[in-house]
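Welcome, and please have a look at the model below.

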4 protein chains.
Amino acid sequence: MHNLQTKDQKDMLVSRRYKAENTIIEVKGCEIGGNQVVVIAGPCAVENTEILKETAFKVRGSGAVMLRAGAFKPRTSPYSFQGLGEEGLKILHRIGEEMNMPVVTEVMDSEDIELVAKYADILQVGARNMHNFSLLRKLGQVKKPVLLKRGMIATIEEWLLAAEYILAAGNPNVILCERGIRSSEPWTRNTLDLAAAALAKQLSHLPVVVDPSHGTGVRSLVTPMAKAAIAAGIDGLMIEVHPQPDKALSDGDQSLTPKLFSQLLKELEPIARACGRSIKYS
Amino acid sequence: MHNLQTKDQKDMLVSRRYKAENTIIEVKGCEIGGNQVVVIAGPCAVENTEILKETAFKVRGSGAVMLRAGAFKPRTSPYSFQGLGEEGLKILHRIGEEMNMPVVTEVMDSEDIELVAKYADILQVGARNMHNFSLLRKLGQVKKPVLLKRGMIATIEEWLLAAEYILAAGNPNVILCERGIRSSEPWTRNTLDLAAAALAKQLSHLPVVVDPSHGTGVRSLVTPMAKAAIAAGIDGLMIEVHPQPDKALSDGDQSLTPKLFSQLLKELEPIARACGRSIKYS
Amino acid sequence: MHNLQTKDQKDMLVSRRYKAENTIIEVKGCEIGGNQVVVIAGPCAVENTEILKETAFKVRGSGAVMLRAGAFKPRTSPYSFQGLGEEGLKILHRIGEEMNMPVVTEVMDSEDIELVAKYADILQVGARNMHNFSLLRKLGQVKKPVLLKRGMIATIEEWLLAAEYILAAGNPNVILCERGIRSSEPWTRNTLDLAAAALAKQLSHLPVVVDPSHGTGVRSLVTPMAKAAIAAGIDGLMIEVHPQPDKALSDGDQSLTPKLFSQLLKELEPIARACGRSIKYS
Amino acid sequence: MHNLQTKDQKDMLVSRRYKAENTIIEVKGCEIGGNQVVVIAGPCAVENTEILKETAFKVRGSGAVMLRAGAFKPRTSPYSFQGLGEEGLKILHRIGEEMNMPVVTEVMDSEDIELVAKYADILQVGARNMHNFSLLRKLGQVKKPVLLKRGMIATIEEWLLAAEYILAAGNPNVILCERGIRSSEPWTRNTLDLAAAALAKQLSHLPVVVDPSHGTGVRSLVTPMAKAAIAAGIDGLMIEVHPQPDKALSDGDQSLTPKLFSQLLKELEPIARACGRSIKYS
């Protein structure tokens, strides 16, 4: 059934038929894709130093090992907050250094790759850019890992082929990220497709992480879906946390408070152990 | 956000605002909706006595407490196998008695309710009939529990309101079943929407079960999704098992062998325990 | 490409390979499927004699040749107006007789077929029942034409196979009706799939009509989509008209006023002629 | 209902409440958005000079006034034909000059804008880049018109807001292009959403064109959908034509032969006239 188009699956660089064992990606001493589940957390956007520092301090204390926050924000409307740009990258980089957390942030344009790579440890491709093949190709020439979100309506094959663009251009360090697909359900922002994450693990040797924050858009669903993702066998979680979600400049509805995040981590640990894994702590 | 239409949620019979505590449904000594997770298993269809008996014997041995199999099968083509009808109901009933397992089977037409209720312990409404309001209303007058599958593209609200039809007509014993929604992904038969199952648990007091067999349509995804469903907090699983999936008259691609089913149950137990629950055994 | 499953297309009763020429269905002197485009109009539901009579009088004056209105209404909530039932059927039948218009109305349950067939000239299967195979089979034994709406998310193949259920059971007089599929677009109620209607015409000899009222759910889109449907080559239109849409008990947002309906008919005529057809008038 | 987010619709540059009259965009003497319907045609990709020249000659003879062909091709797989790049742009530009046809071609990366703008008369943003906000912003600084395709699953609001990015950055000359949305229908490549095109015309003053080739992916549906689009009131069509579709390097299944294209144009003219418009000829 699951042939990847144009080539035999065994010839695809992303395929398990090409490379059977899991790819483990190492970022400043933190490994993704191995036996330990990695939790990446942080606010949707870098808003200012204080909020990011407070969030980083708290999520690190609860068990997150990497920090996420956007400096370039893809927003539906040109009149919405667009992110702090390079200023945001600098803040993120500084806090990451202080907290000893590798940082993940989005790059939206091939012209910005060099800039973002200067400050970030992992470069994120957002769902809206998964089909930006020009960006993917250029990320193939970068020496840093890429976290590739699945497109809003991308098939699993398209997602794996988007990763193939990066690998074929020379960068073997791609982390696949399931973040929900658009459906006709109005009560959730997206429909989190955990089966796609599990199938990606079966078909590809690349690490797979899940973003239950964007994947549901509903705070009360983040914890059950994070637990479900662990049970489904994924390698990491990316979770939005904000000290005051109601005042967040973006995505407040889906952000956990530091307290809820702390509780989540406590619930994840026994599930990881029940699956023969553990949560990576710093 | 989540107001159910036309009435305040607190007035809806299905709502947790109307009834805060979980509804626990008892079927021949087996409870659904309580602390123990219930596993329902069996072949897609009643094909003959031998296959059903063999399947029932094996799934019971591995931990299933209820038996499922269709006698009336909703098939896309009029030229496909349509099920054995009343003969199938009789076989199912007899095997259920022999194995001491309550049986679940689908009713497709309001004219058949009396017949199906004579042989079945739980009456299933299939995804294709979730919007068959006439059937739902008549099931409200039946004294047996109803397992209500979510429609192929039904919103969560429509699913809960379909249950409300049954409750409003007098039958409080409804089990909600998430079985995947149709999406544009070709590699899975449906997109299993575990967040919908989790949200249904939050909004309603009714028991929620998940069907990872129809929900994915891919044998290798049944186990990870069953584990994920437990971690997401659902009350039961409905899983297709066939002694020789390649020879099944329907749904062979998604059926587990008895051996895979047995392995699955072993993996579920520690996850249930990690979530403070357990698997119900007979 | 377009093989219908389980049988060669040439063996399918609905297929043009089985029967090349268009099926023309005659209802009380009015033909659907021939060179003349048929317009069916009326309110969503039979609300009372006065409103139906006024609507029928006006739509007939503007060019509608058949009258539509629901007596059994499939409603998402059990607490919404469910239709007048047999009383509604009687009113509809009487007004149809008085106006000399054949009447179309929905049957929701196989138990009601006999009742509905007593009063209606064409029996409608709604989108929510397209997969109610039991209902379809029993409609195969009825001597009156069936208007079969495409399901909310049904594929074209499933739609044609639903028609095959009716033909295979003995009733050759099926009219296919495209009424929009559910998508993630919030500004329209459904996504009207005119290409599906055009493809159904190519693959099947059955008449195809389009319902731009449900197909868009937006009054201002009914006229452009009705015109587009004619240009795409369909055989008829089904349009909701209500003398006071703001006071309609259901579907007011998508109902045309009699005045807008009259304007629409004037715009349709030249397009039909540009396509070598004409609008059927009584 | 139809409020555009974050600003009142009357403040949105794309909105009819901001500017009531149609925007008419003039490209080398050819106007889009006025009373005449414009037909843009050509092969999917620039394959070589001979094929493009032959196609351009034939489509111009049948009534096309603009030429389309891709030099940078967004392909799902990195191993598929990716287009001729600048060499393709040069060929396209030269043929356009010889035939006196303005040329439309896609720009996939903000780094290529200057290059593409050197050769193209209209810069196309493909469906996969509709959410590439960085590209959109930079196209706001270009002096040439932009043809903005709707994203694969974009809502109408997101599509209009993508146009707003371009207008807000300084370029008022945006042509909206509906090209089908992804659905679960396997028999068509996309679901052409003509109601979205009609609604875009109602809500915005910008010209709207329809691409029935990508919008259906099926050759036999291009003609009925092109006719339907005209009847729905759109301003132009973009149609794939290839002298030998079976040998095309991409999109052969949906390309018309020059002969079918010629027949199509003959069928369009009377429909345009029936709608009070005409087809623009050179």
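## A covered helix in chain A

In this predicted model, helix 6 of chain A, residues 194-203, is mostly covered, with nine of its ten residues buried.

## Where chain D meets chain C

Let's turn to the contact between chains D and C. Chain D gives 37 residues to this contact, and chain C gives 37 residues as well. On the chain D side, at least two residues each come from helix 5 (156-168), helix 6 (194-203), helix 8 (219-231) and helix 9 (258-274). Helix 8 of chain D has the largest share of that side, nine residues.

What is the make-up of the side of chain D that touches chain C, in nonpolar, polar and charged residues? There are 22 nonpolar, ten polar and five charged residues on it.

## Where chain A meets chain D

The contact between chains A and D draws 27 residues from chain A and 27 residues from chain D. Within the side of chain A that touches chain D, helix 4 (133-139) and helix 5 (156-168) of chain A each supply at least two residues.

As for residue classes, the side of chain A that touches chain D splits into ten nonpolar, ten polar and seven charged residues.

Definitions and conventions
Residues numbered from 1 in each chain as written. Chains lettered and ligands numbered in written order. Predicted model: local features only at pLDDT ≥ 70, side-chain atom pairs only at ≥ 80, totals over all residues. Contact = placed C-beta atoms within 7 Å. Helix = DSSP H or I, 4+ residues; strand = E, 2+ residues; numbered from the N terminus. Nonpolar A, V, L, I, M, F, W, Y, C, P; charged D, E, K, R; others polar. Buried ≥ 20, exposed ≤ 12 C-beta atoms within 10 Å, placed from the backbone.
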